[in-house]
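Hello,

Here is the structure we talked about handing over. Please open it first, then read the notes below.

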Amino acid sequence: MAEYNVRFASHPEPIGVPAGTLLVDAAREASIEVQQPCGGQGRCGRCAVQVDSGAVRRRSVLRLSPADVEAGFALACQTVVEGDVSITVPPPEVIERRLVTDHIAPEAALPDGYDAAESQSIRRVELQLTPPSMDDQTDDWGRLCTALRQATGIEHMETSLEQIRGLGPILRNSDWHVALTFDRGRNGSPRLIRVQPAAEALEAPLCGLAIDVGTTTVSVWLVDLLTGNVTRQASQYNQQIARGEDVISRIIYASKGDGGSELRDLVVGTINEMVDTMCARAKIEPADIVKATVSGNSTMMHLLLGIPPESIRLEPFITPINHLPRVPASEVGIAMNRDGVVDPLPGVASYVGADITAGVFASGLRESPDTTLFIDVGTNGEIVFGSSEWMVTCACSAGPAFEGAGVIHGMRANTGAIEEVWIDGSTHEPSLRVIGNAAPRGICGSGLIALIAEMFLTGVLDKAGNINQTLETPRVRRGLHGAEYVVAWAEEAEGNEDIVITRVDIDNLLRAKAAIYAGFKVLADRVGVPLEMAEHVLIGGSFGKYINVEKAIDIGLLPDMAWDRFEFLGNTSVKGAYLALIDQAVRDEIASIASDMTYIELSADNSFYEAFTSALFLPHTDLSLFPSVEAAMT
Amino acid sequence: MSIEIPVDKWPGTVNTVTLGATEADGGTRAKVVTIGGEQSLPFMHFETEMPHSPVIALEMTPSRTDDWSQILLDAWGDVVEDPARWAAAIEAAGADVIVVTFGLTDPAGDPITPDYAVSTVKAVLEASGLPLVVLGPGQADVDNELIVPVADSTKGERLVLGLCEDGNYRTIVASAMANDHLVVGRTPMDVNLAKQLNILMTDMGLPLDRIVMDPTTGGLGYGIEYGYSVMERLRLAALQGDAMTQLPMLVTPGYEAWRTKEAKVGEGVPETWGDWADRGVHWETLTAVSLVEAGADVVVLRHPESLKRVREAIDELMTAAPA
């Protein structure tokens, strides 16, 4: 048999191997380490190497895009030598980045040419008032209004009694030289937020909050309104979780006794905890925060504002209010300037709230004529299908599993969360990637998707999600909750127990993915546009920084399409709230999005249950919908 | 005036499955039963011939009969105390298939043992030449514990073993594969769940012609319309060519009918309900005949009189000539 030379960039001498030798085997002879977390099955893509020159044959290019192959990449475990070749083995971190780059959520950035003063509803103006005298007997408030009118042309301004009470001393102590912060309002008259001595105001920060109140996760961004930049980001579990995991149980809780005000206190408390921490770290006072734009699903909005949400749950599922007015902060209870404004973004219907209208804006779906599928994966999965011309939307209850709740070792995407998993097809041993390269503490949403996909493709799970207990591996065992798979042993994990995934967890995850996929299916069927027509699939939600699209397709969460059609956007709800906070025009656009969407109520649709049970399988009862998974399984 | 009856041509065919094996085929059965093969909806003889008539099984239990209606016990008499004699009586009554359903305990009330299960099944095989369906009590661990030794000790008989369910099918399917038996999978009245279990079982390598499915039904007045509709939809999917729904269907109208209040209770009911025994048999017969019309290939009954009536109905349906 012909013998060829394989030259590795990092190795001085070429290695002589027979034709047909796998690149991994050649590398091993040269003592070069090539990662193979999937056990050399060509599934994980982490053994990608660059073929600089020479003839090779790629048996499989799964995980490599056509562009990758064009650039000379090949999977070392699937590629054989057919001539003298030169190979570069890239450092692991390069491979890692290449594999996930396309799927990492972009950071929030200011729009091009953004002008803070022009775009925002908040304005701060410096005013030099004429001091009163025996000849000029105008009252303090009138004097302030006159100065404002002269400086800005604004005729009327609303204020609170509290502002009036503090006004006299401020004016006199500042030598009648003050800075006025006010909200321009949308259609009505402006509202005074703060009067400060001008000297003090020049130094003072001017801040806003973008808040996304999710059923499971609450996110808060602190924004410097002087520049429009995001200065801090925080998110944590909604403290209401202890009173029910989904919106329905929260609504029921709210309708009993003081449940409503208790839930309100809990969510306000969740927000304020984060705001307090951010204020301390950013060295600002809550009074410096003058505006909060809030997004969230309809139930969460109602609970936050203390509006009884009961009718959301009952047929015909009507919200008390979709287009909420802006309200004074003191009435909401958020830790910010009491006279600041809280601007709740508008929703569409009971189960399609401001999180979606804000998300649609943030996703850019409205700006493109291309047919686009936008999905926000949270405790409720909301789906929008459409383009700049039309939009239909629906919501399905997915449960909190993809946010790491309702799963025994689930957690949010923080340091210590397992976010990517590969399982060796022959030993069933997992390899993990953990956020922050820390010891694993739990598994976040993207990790759970990867875990289920890998367990399925390596035969640890059957198509119904049953753990195959006949496998010869200590990883599969019977635990307190039935069969389980050990993802990390206690000694590798930070805690004193093994990190496992149980049959119950898997059922929760399968139900969540089935609900979301069924939503896609029913929505597409209802408008008569096949899912494959979607040119872009935009994914928002609380998946942390990324989601492995391939693995999400493997488990049947996302429709089987070319990977380059998918884009991961991160938390689009808070992003939309942020953009609305810093730009009035965006706020108006979100209102028009809310009015333009056609809402489809799935509970009134018999086909949903059918679509749901057929999706309650890996990847789906109808395997022909997932040809790439079918190919990967054989 | 002549009316042209529209004739549907379907692309799919229901699998043909043979229950039991004669000596020539490695078993001991005097008679085997072949079901399935339909190419159109039930009894649409003007479209295609129905190659095999629906068959009737009678059910017996080698366990305590506490939950069997007194009417049934009276009808069978003292044979219920001896599985072999009960099996012989079932064959004498004219059944096509015998279903042996184990409960959790033996007649003495002690937990059932694998040895008891094996000896009982062997005694039944000895006493009757009919094909057998052998079902565990429906509790995963006990089912596996009983069915595996039964399968091992009756290799080649082409027994139908069950119940396979989505969370518990591996063990039974594996032992059926190893011993040339068949399996029956039960799913709770849902087209997709039925299809999914069939996929799981065939994924293990069991050929489709060795599986029958029980899509679960309800008794008359207790959800039969739901069960009927699921069976009808499964059959329509099968005829449209969906391989994972092309399995013959086995349903248990006997069990379902005899647990209804109308069949079970003789006292303290309105007089207008009529004679208790009659009522029970009517209930079972009507449930079973409805399911035959929905596409059932095997109906499992409990009362010998119901068997006669359902047989009569099937015979009529099978011979009904096109107008």
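This is a predicted model: local features need pLDDT of at least 70, side-chain atom pairs count only at pLDDT 80 or more; totals for chains, interfaces and linings use all residues.

Domains of chain A

Domains 2 and 3 of chain A touch, with twelve residues from domain 2 and 13 residues from domain 3 in the contact. On the domain 2 side, helix H6 (161–173), strand S9 (177–183) and strand S10 (191–197) of chain A each supply at least two residues. S10(A) gives the most, with four residues. By class, that side of domain 2 of chain A has four nonpolar, four polar and four charged residues.

Helix H9 of chain A

H9(A) covers residues 259–282. Its 24 residues should span 34 Å at 1.5 Å a residue, and the end C-alpha atoms are 34 Å apart, so the two values agree. The buried residues of H9(A) include A:Gly260, A:Leu263, A:Arg264, A:Val267 and A:Val268. Further along, A:Thr270, A:Ile271, A:Met274, A:Val275, A:Met278 and A:Cys279 are also buried. What covers them? Among the covering elements of chain A are strands S11 (207–213), S12 (217–224) and S13 (229–237). Helices H8 (247–254) and H10 (298–305) of chain A are also among them. A:Lys283 follows H9(A) and has a positive phi, near 55 degrees.

Nonpolar cores

The largest nonpolar core has 263 residues. B:Ile98 and B:Val183 have the most contacts inside it. Helix H15 (residues 503–527) of chain A gives this core its largest share, 13 residues. A second, separate core has 25 residues, including A:Val6, A:Leu23, A:Ala27 and A:Val51. In soluble globular proteins, nonpolar side chains tend to be buried together.

Leaving aside residues up to four places away in sequence, B:Val183 touches B:Val160, B:Leu161, B:Gly162, B:Cys164, B:Ile172 and B:Val173, among others. Its contacts also include B:Ala176, B:Met201, B:Leu206, B:Arg210 and B:Ile211.

Chain B overall

Chain B has eleven helices and ten strands. Its radius of gyration is 19 Å, close to the 20 Å that the globule rule gives for 323 residues, so chain B is as compact as a globular protein of that length. The C-alpha trace of chain B spans about 65 × 55 × 35 Å along its principal axes. Buried residues make up 48% of the chain B residues. Take the contacts in chain B between residues at least 6 apart in sequence: 70% of them join residues at least 24 apart.

One residue to look at is B:Pro114, in helix H3 (residues 114–127) of chain B. Is B:Pro114 buried or partly exposed? B:Pro114 has 16 other C-beta atoms within 10 Å, so it counts as partly exposed; buried would need 20 or more. B:Pro114 and B:Val148 are 34 residues apart in sequence, yet 8.6 Å apart in space, C-alpha to C-alpha. B:Pro114 touches B:Glu145, B:Leu146 and B:Pro149, not counting residues up to four places away in sequence.

Where the chains meet

The contact takes eleven residues from chain B and nine residues from chain A. On the chain B side, helix H6 (residues 191–203) of chain B gives the largest share, seven residues. That side of chain B divides into three nonpolar, three polar and five charged residues.

Best wishes

Definitions and conventions. Residues are numbered from 1 along each chain as its sequence is written. Chains are lettered from A and ligands numbered from 1 in the order in which they are written. A nonpolar core is a set of buried Ala, Val, Leu, Ile, Met, Phe, Trp, Tyr and Cys residues joined through C-beta atoms within 7 Å. A residue is buried if 20 or more other C-beta atoms lie within 10 Å of its own, exposed if 12 or fewer, and partly exposed in between; C-beta atoms are placed from the backbone. Two residues are in contact if their C-beta atoms, placed from the backbone, lie within 7 Å. Ala, Val, Leu, Ile, Met, Phe, Trp, Tyr, Cys and Pro count as nonpolar, Asp, Glu, Lys and Arg as charged, and the others, Gly among them, as polar. The expected span of a helix is 1.5 Å times one less than its number of residues. The radius of gyration is taken over C-alpha atoms; the globule rule is 2.2 Å times the number of residues to the power 0.38.
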